[in-house]
Amino acid sequence: MSQISARLPDPLVSALDAAANQQKRSRAEIIRQAIEHYLEDYEDLSISIERLRDPNDPVLDWEKVKNELLHTD
């Protein structure tokens, strides 16, 4: 496992300490968890953008899809 350091503004450190105290966890654990969530969201967003830019990915007509969903038996 690697260790990194970062400079944070005082208000962010105060919010970090409050979150850590509330969850009874360390600063490091809160930061690690926040980075994991951020990277998961970033990966999802990157995949979405890649698909939006893919000219071979079909574009669906929302009205047609909605009608098909509403009229499915």
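Glu 36 and Arg 32 are joined by a salt bridge, with their closest N and O atoms 2.8 Å apart. This is a predicted model, so that distance, like the others here, is computed from predicted coordinates. Both residues sit in helix α2 (residues 27-53), and because they are 4 residues apart, about one helical turn separates them.

How accessible are the two partners? Glu 36 is partly exposed, at 39% relative accessibility, and Arg 32 is partly exposed as well, with a relative accessible area of 38%.

## Other salt bridges

The structure has 4 salt bridges in total. One of them lies in helix α3 (residues 62-70), where Lys 66 and Glu 63 are 3 residues apart and therefore about one helical turn from each other. Their side chains meet at 3.5 Å, N to O. Lys 66 has a relative accessible area of 29%, which makes it partly exposed, and Glu 63, at 43%, is also partly exposed.

Another salt bridge brings together the side chains of Arg 25 and Glu 29, at 3.8 Å from N to O. Arg 25 counts as partly exposed at 37% relative accessibility; Glu 29 is partly exposed too, with a relative accessible area of 31%.

## Helix α1 and the residue after it

Now for helix α1, which covers residues 10-23.

Just past the end of α1 comes Lys 24, which adopts a positive phi of about 55°.

Key:
Residues are numbered from 1 along each chain as its sequence is written. This is a predicted model: local features need pLDDT of at least 70, side-chain atom pairs count only at pLDDT 80 or more; totals for chains, interfaces and linings use all residues. Side-chain values use heavy atoms; hydrogens and water are left out. Helices (H or I, at least four residues) and strands (E, at least two) are DSSP runs, numbered from the N terminus. The expected span of a helix is 1.5 Å times one less than its number of residues. Buried means under 20% relative accessible area, exposed over 50%, partly exposed in between (1.4 Å probe, protein chains only).
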